[in-house]
Amino acid sequence: MKQILDKINKENDIKNIDRAKYPELAEEIRTFLLEKVSKNGGHAASNLGIVELTIALHAVLEFPKDKIVWDVGHQSYTHKILTGRKEQFDNLRQLDGLSGFPKRHESPCDSFNTGHSSTSISAALGMAMANQLQKKNDKVVAVIGDGALTGGMALEALNNVASLKRNFVIILNDNNMSISENVGSMSNYLSKLRVGEHYNDFKEDVETHLSKIPKIGQKLVKRVKRTKDNLKNFFVPGGLFDDLGITYIGPIDGHDIDGMIDIFENALKIEHPIVIHVKTIKGKGYSFAENNPAKFHGIGRFDIETGQELTENNGPKVMSYTDVFSRTLLKLAKENKKILAVTAAMPDGTGLSAFAKSYPKRFFDVGIAEEHAVTFAAGLAASGYKPVVSIYSSFYQRAYDQILHDVCLQNLPVIMIVDRAGLVGQDGETHQGIFDISFMSAMPNLTMIAPKDTRELVAAMRYAVDYDGPIAVRFPRGSAFVSSKCDEAVFKAGKSPVIKQGKDIAIITVGNMFEEAEKAVELLEKESVYPTVIDARCIKPLDEQMIENTAREHRAIVVVEEAIKKGGYGEAVATYVHERKLNTTVHIMAIDDKFVEQGKVSELRERLGLNHRKIYEKVLELTK
């Protein structure tokens, strides 16, 4: 029975609860979160760690008038609970259900859609500046994790914060983690700040006592400021923030609700930007998450009692494409000492943890900094190495210019591993990997490969290591597929093999869509329909000879890809057929011009018309 939580049914209800009851409320929320996330999966560790901080912010802010911008946004579950959405948590991250991230269309209390890192300060600063222009007194708070400060956009925003001449609060949620443990100079800097708790008391006491001296107090404060700042740097406080014109307070205990409320109330009265450094424990209150926050960052269904993740059939986990890539890279690295591995704060998720353990001097985690990761790899490639950059598809979007300008323009041999390509499911619009084909295939010099199964992924990796130029290898999230239809031909760029020869209709599949097409063909053959099946495999360059041959031999071509249609592989095939005036029609089964919300991949494929049943129906329609 959640006696206190039952009293919160809409925004600002928390203000009707006795402040002394807030710690009890925090425990009820943690129990609630574990119950719901264990059933639906989600971001457990980050949300468990920020419960008290969220309660404190809701105690001092008025919603939806005041705004919180959550960086990344996966830690907004408590915020959603406190703004009247707890009844929707049974459908958390489900199709048409409650999103795991802030969504403006979901509630006026979600002020900004977030899903990628390091955006909160920029967005919140824009809102605060708008308030200044409109002479509004609404409060704006940005909540950003310490890991997100490695993102260049956050530093660009901090550089502009001092231009604001009114209240603006940045909460630095410091748990010493992004997804994996933080790395780099910013992490080291914050580690030094963590030992400086006593400095702020000292700073405040000096200013308070000096200012009280009659007539000369304020002059003395100004006169000793230079000395004070030198002393400040000696005591290791927030020198970086102060030097940027932002008052620094902290570090403070992120699980002391009373202490945070007092500090937040005072901070919201200050008419200039302020950073409040809050220390929290990721996974707080649940030992399995505290001990292994990376595992519980984004987790599927799990058993609360044991902390063990559950599979759909409760059986053993099947090897994923990421696992296959990881094992293959280890073998290749043993053979070729020029191979280096680079990731952006996700060694576990991108399959590079094993590489880091085996070859620590050849592994580089650059933090949440995808742009830097790609150009850093370009520098390695220009110096004779073979860097392998492993990043999720949706996060490569952040490095568009670096791929184009720093890698492709110079034709450098950087291997870009595009993990989580295609639909990823329950993280929703910000994480669906459906745009990489469109933006990467437009880049000169770049070769792009989409293996249909595990054997082709291994072959693609071997080919990529020997290839002298930029190359991208994309593969989906989830269980690896081993096709019964094996192409024995030598792996070549620009070659898309015919896997099954048929007649009349040809199906060209891109990457993981081959699995769906194979199921569709089984159904079609029962109807005495025998389509040709072609594995696109090499998205760029196009296998023009294959298209010519297919167009001559088939009256219709169906291209199936789990990616956005605009600028995709299907459009490239259709354009080639049109320009050569080939006598066939091209039908593209892809994702229309829209964002795809959360849901299970199977549900999303059904809705988008990309599963085996839809392929079967399409080919049958064309046959008749």
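On a 1 Å grid over the protein atoms alone, a cavity is a set of points where a 1.4 Å probe fits but cannot get out, and lining residues have an atom within 4 Å of a point. The model is predicted: local features need pLDDT of at least 70 and side-chain atom pairs count only at pLDDT 80 or more, while totals for chains, interfaces and linings use all residues. Residues are numbered from 1 along each chain as its sequence is written, and side-chain values use heavy atoms, with hydrogens and water left out.

Stay with the largest cavity. Its space comes to about 40 Å³, a volume being the space filled by probe spheres set on the grid points, which are joined across faces, edges and corners. The lining has 5 nonpolar, 3 polar and 1 charged residues. Here Ala, Val, Leu, Ile, Met, Phe, Trp, Tyr, Cys and Pro count as nonpolar, Asp, Glu, Lys and Arg as charged, and the others, Gly among them, as polar. The whole structure holds 2 cavities of 30 Å³ or more.

Next, select helix H14 (residues 321-335) and helix H20 (residues 454-466), which pack at an angle of about 35° with their axes 10 Å apart. Axes are lines fitted to C-alpha atoms, for helices over the stretch in contact, and angles run from 0 to 180 degrees between N-to-C directions. Helices (H or I, at least four residues) and strands (E, at least two) are DSSP runs, numbered from the N terminus. Show side chains: among the residues that meet are Tyr321, Phe325 and Leu332 in H14 and Leu457, Met461 and Val465 in H20. Contact means heavy atoms within 4.5 Å. This contact divides into 9 nonpolar, 2 polar and 2 charged residues.

Now go to Asp138 and Lys65, a salt bridge whose closest N and O atoms are 3.8 Å apart. Asp138 lies in the loop between helix H5 (120-133) and strand E2 (140-145) and Lys65 in the loop between helix H3 (51-60) and strand E1 (67-70), so the pair ties together parts 73 residues apart in sequence. A salt bridge is a side-chain nitrogen of Lys or Arg within 4 Å of a carboxyl oxygen of Asp or Glu.

Finally, select Phe63 and Pro64, joined by a cis peptide bond with omega about 0°.

Methods
On a 1 Å grid over the protein atoms alone, a cavity is a set of points where a 1.4 Å probe fits but cannot get out, and a pocket is an open set with protein on both sides within 12 Å along at least five of seven lines; lining residues have an atom within 4 Å of a point.
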